Amino acid sequence: MSGTFTKSMARNIFYGGTVFFILLFLALTFDTQTTLPKRDNRANLTDAVARGKKVWETNDCIGCHTLLGEGAYFAPELGNVYKRRGPEFIKAWIQAQPTGAPGRRQMPNFHLTDQQLDDLVEFLKYSSEIKTNNWPPNIEG
Ligand code: HEC
């Protein structure tokens, strides 16, 4: 091969590269579109989950806790608390606050109704079913 790099070689690399990456882009888009529905748990998105999310937001739980790794680092991760603790523990825990245990960080009492507690549990259940590829790695945050 000679040492010269001609215009037509440059053009071929340009067109070849463009076609290659367009095809790669289309293949990856197709792959994403076929994979996403399998990850989705939108079917579990009930009204109770939506109401629970509202309770979560209006009481600023995220001001102390993380949910799937996002939020504040004062208190444990709650994205997986439904699986770690179960619904009854969560409700009893929230009603029993503050513990007043010496040397432990405290959580306030939010005076939630039974309905709000049930909705919150539904929201935490939904959150625990989101496929996150095991994120966050430290289960209690
Ligand atoms: C002012 C900070 C603060 C706020 C706001 C807060 N928490 Fe907490 N929460 C804590 C602390 C601190 C702990 C851990 C206490 C301990 O382990 O003794 C905790 C623990 C928990 C636990 C038990 C976690 C586990 O791993 O066992 C649950 C469930 C929980 N909180 C739910 C909530 C919900 C739901 C809200 C919103 C309605 C909320 N928290 C708002 C501080 C807070």
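Predicted model: local features only at pLDDT ≥ 70, side-chain atom pairs only at ≥ 80, totals over all residues.
The protein is divided into two domains. Domain 1 spans residues 1-39, and domain 2 spans residues 42-128. The C-alpha centres of domain 1 and domain 2 are 47 Å apart.

Residues 12-30 carry the annotation "transmembrane region" in an unreviewed UniProt entry. In the model, the chain over residues 12-30 is 100% helix. Strand accounts for 0% of this stretch. A distance of 27 Å separates its end C-alpha atoms.

A ligand with an iron atom is present in the model. Two residues coordinate this iron atom: His65 through NE2 and Met107 through SD. His65 is placed in the loop between α2 (47-58) and β1 (66-67). Met107 is placed in the loop between α4 (87-95) and α5 (114-128). The pair therefore ties together parts that are 42 residues apart in sequence. His65 and Met107 are both buried.

Ser128 belongs to helix α5. The relative accessible area of Ser128 is 8%, below the 20% limit for a buried residue. Ser128 is therefore counted as buried. Beyond its neighbours within four places in sequence, Ser128 is in contact with Gly79, Asn80, Tyr82 and Lys83.

Note on methods:
Residues numbered from 1 in each chain as written. Heavy atoms only, no water. UniProt positions renumbered as here; feature names shortened; annotations may be inferred. Helix = DSSP H or I, 4+ residues; strand = E, 2+ residues; numbered from the N terminus. Donors = N, O, S within 2.8 Å, 3.2 Å for Na, K, Ca; no water. Buried < 20%, exposed > 50% of the residue type's maximum accessible area, 1.4 Å probe, protein only. Contact = heavy atoms within 4.5 Å. Domains from an automatic or database assignment.
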